[in-house]
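Subject: Structure for your review

Dear colleague,

Please find the structure below, together with its sequence. My findings follow it, and I would be grateful if you would read them with the model open.

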Number of protein chains: 2
Amino acid sequence: MIKRLTIFGVGLIGGSLALALKQANYCRHIVGCSRQVDHLQRAVELGVIDEWTLDPAEAVAGAEIVLLAVPVGAIRSVLESIKDHLEPQTIITDAGSSKASVVAAVQAVFGNVPENFVPAHPIAGREKSGVEAAIANLYHGHKVIFCPLENTATEALDAVKKMWQIAGATVETLDVDQHDQVLAATSHLPHVLAYSLVNTLAGTDYVEEIFRFAAGGFRDFSRIASSDPVMWRDVCLENRAAILRALSEFQSNLEQLKTKIEISDADGLLQAFQHAKSIRDSHVR
Amino acid sequence: MIKRLTIFGVGLIGGSLALALKQANYCRHIVGCSRQVDHLQRAVELGVIDEWTLDPAEAVAGAEIVLLAVPVGAIRSVLESIKDHLEPQTIITDAGSSKASVVAAVQAVFGNVPENFVPAHPIAGREKSGVEAAIANLYHGHKVIFCPLENTATEALDAVKKMWQIAGATVETLDVDQHDQVLAATSHLPHVLAYSLVNTLAGTDYVEEIFRFAAGGFRDFSRIASSDPVMWRDVCLENRAAILRALSEFQSNLEQLKTKIEISDADGLLQAFQHAKSIRDSHVR
């Protein structure tokens, strides 16, 4: 049981965790903090949090765990606002989609990474965002990736792990660089491609026809282009190096495939498609 | 009521239409023709067709409508085999995913496009293929795109339209180039991107982690990479020009987005993502 949990950024991610913990009766008191009064008020109305404040110092007073669920670009300023008010035993964790940049922000603010800081990333989301989109079972059956550092305290890790398990998630561990490269490939790159595809189609001659005749495949493929633009801007800025690496690899693969189409290389196309199909069929259920 | 319908290629597409017409009691006699005796026999056993033959001349004798439901790459050779045996009033139509290549095949065989030829493309499919996968409601609520030419006879159009409507589809019209460009953008390009993405990921350092931590977004995004490689090879060859145009536009859009990431253009990224989200949200339910 967590006595007092403070959530910075009560949107889809923070709000869904709050709902899950409340439903499991695992948290006595949840405090929300952000800069948007209307969102915080709505979060109380929806029963997502018990109390809200605009004052970071007040928010962290007496907190057992502080969760940073703001877009990664805002993590540093939140850390600066709470730095001088944290109690020594308070555990801090985050939910950011990139981990090297979060660790760098912590280092910049604290001079080192405190042993009570647990870098974490829940692999779950929805197309909708904001506290209205929060649901108690968002993390059910999903993974949360922990990226502990050498000095991360075992007690802090265990407490944050327990919290996510109560919310229905399983916890796995990667190191920071691995995390950023794996997520760049499986999540960040596909989002960039989906945004780019929709923008490409929007700029062509037959926009109306294109969306009128779009089949189910396109619907699935472009779904992630409806994700929160602010969050994804921040991800692109914060995990820039790994995304650019994955993107370059993709561009070069695509260029090779394009050449096969250009020269009508029937065998080459068949091999490429068979390879992709066999890889996906064997890895994704 | 169609007195006699002849279907070349009794697989998922042709077989499903046959089942729908039989269920609606809209076709007195359906003849199947292909080169695969076992498939044709199975089609009779399943009640999809009434009769089969390996002889194209026999197949088209007395036919009111001839449907070409073979892969687009095989349409020309079927036309050559029936050319000298068609009765003047027989209507011919097809179900190919690309239309310029089909029209070119017709022109090459007949010297011109007969007024009784109706180029058509049902926008429906399943992951499974073959006559065993045929279902009577495949076209229910789906669109069939007609690409009539200037000389296409109204009576032929009406007869084929009625047939698809009986099968539950709605008929819409595009010109040949429009069709090929729209399908290249909404269906063919996304397939190429999905195949390329999966192959890119398969070539990176953390393949196991990549597929282990792949989230729902990736699953959706890459689903179409599990499609039939032979069919998609043919589509790439037959709708080459339109696919290459769409692909080039995509590459240039992606390159611009990459530059924004490289120079950390926060505003530019946000605008691009907001634009894509608003386009998709307003066009796709």
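Which residues touch the most other members of the largest nonpolar core? In this predicted model, they are A:Phe8 and B:Phe8, in a core of 135 residues. The neighbours of A:Phe8, leaving aside residues up to four places away in sequence, are A:Cys33, A:Pro56, A:Ala59, A:Val60, A:Val66, A:Leu67, A:Leu68, A:Ala69, A:Val70, A:Val78 and A:Ile82. Another core, of 42 residues, lies apart from the largest one; A:Leu17, A:Ala18, A:Ala153 and A:Val171 are among its members.

**The interface between the chains**

The contact involves 83 residues from chain A and 84 residues from chain B. About 8200 Å² is buried between the two chains, and 69% of this area is on carbon and sulfur atoms. Across the interface there are 34 residue pairs in polar contact, counting pairs with both residues at pLDDT 80 or more. On chain B, the elements that each supply at least two residues of the side touching chain A are strand 8 (143–146), helix 7 (176–202), helix 8 (207–212), helix 9 (216–222), helix 10 (229–238), helix 11 (240–262) and helix 12 (266–283). Helix 7 of chain B gives the most to that side, with 18 residues. By class, the side of chain B that touches chain A has 46 nonpolar, 18 polar and 20 charged residues.

The rule finds 2 salt bridges across the interface. In one salt bridge, A:Arg212 pairs with B:Glu172, and the closest N and O atoms are 2.2 Å apart.

The side chain of B:Asn253 makes a polar contact of 2.8 Å with the side chain of A:Ser196. Not counting residues up to four places away in sequence, B:Asn253 touches A:Ser196, A:Asn199 and A:Thr200. Its relative accessible area is 18%, so B:Asn253 counts as buried, the limit being under 20%.

**Strand 1 of chain A**

A:Arg4 is part of strand 1 (residues 2–8) of chain A. Although A:Arg4 and A:Gly62 are 58 residues apart along the chain, their C-alpha atoms are separated by 7.0 Å. A polar atom of the A:Arg4 side chain lies 3.1 Å from the backbone oxygen of A:Ala61. Beyond residues up to four places away in sequence, A:Arg4 touches several residues, including A:His29, A:Val31, A:Glu51 and A:Glu58.

A:Lys3 forms a salt bridge with A:Glu64, with the closest N and O atoms 3.6 Å apart. This pair links distant parts of the chain, 61 residues apart: A:Lys3 is in strand 1 of chain A, whereas A:Glu64 is in the loop between helix 3 (56–60) and strand 4 (65–68) of chain A. A:Lys3 is exposed at 52% relative accessibility, while A:Glu64 is partly exposed at 27%.

**Further salt bridges**

Over all chains, the count comes to 20 salt bridges. The side chains of B:Arg42 and B:Glu132 meet in one of them, at 2.6 Å from N to O. B:Arg42 lies in helix 2 (residues 37–45) of chain B and B:Glu132 in the loop between strand 7 (120–122) and strand 8, so the pair ties together parts that are 90 residues apart in sequence. B:Arg42 is partly exposed, at 29% relative accessibility, and B:Glu132 is exposed, at 55%.

B:Asp94 and B:Lys99 also meet in a salt bridge, at 2.9 Å from N to O, and both residues are buried. In chain A, salt bridges that share partners join A:Arg42, A:Glu45 and A:Glu132 into one network.

**Backbone points to inspect**

Most residues other than glycine have a negative phi. A:Asn25, however, has a positive phi of about 55°. A:Asn25 sits in the loop between helix 1 (12–23) and strand 2 (27–33) of chain A and is exposed, with a relative accessible area of 61%. A:Ser264 likewise has a positive phi, of about 50°. A:Ser264 is in the loop between helix 11 (240–262) and helix 12 (266–283) of chain A and is partly exposed, at 36% relative accessibility.

Yours sincerely

Conventions:
Residues numbered from 1 in each chain as written. Chains lettered and ligands numbered in written order. Predicted model: local features only at pLDDT ≥ 70, side-chain atom pairs only at ≥ 80, totals over all residues. Heavy atoms only, no water. Contact = heavy atoms within 4.5 Å. Buried area = accessible area lost by both parts, 1.4 Å probe. Salt bridge = Lys/Arg side-chain N within 4 Å of Asp/Glu carboxyl O. Polar contact = N/O pair within 3.5 Å; in protein donor to acceptor, adjacent residues only side chain to side chain. Helix = DSSP H or I, 4+ residues; strand = E, 2+ residues; numbered from the N terminus. Nonpolar A, V, L, I, M, F, W, Y, C, P; charged D, E, K, R; others polar. Core = buried A, V, L, I, M, F, W, Y, C linked by side-chain atoms within 4.5 Å. Buried < 20%, exposed > 50% of the residue type's maximum accessible area, 1.4 Å probe, protein only.
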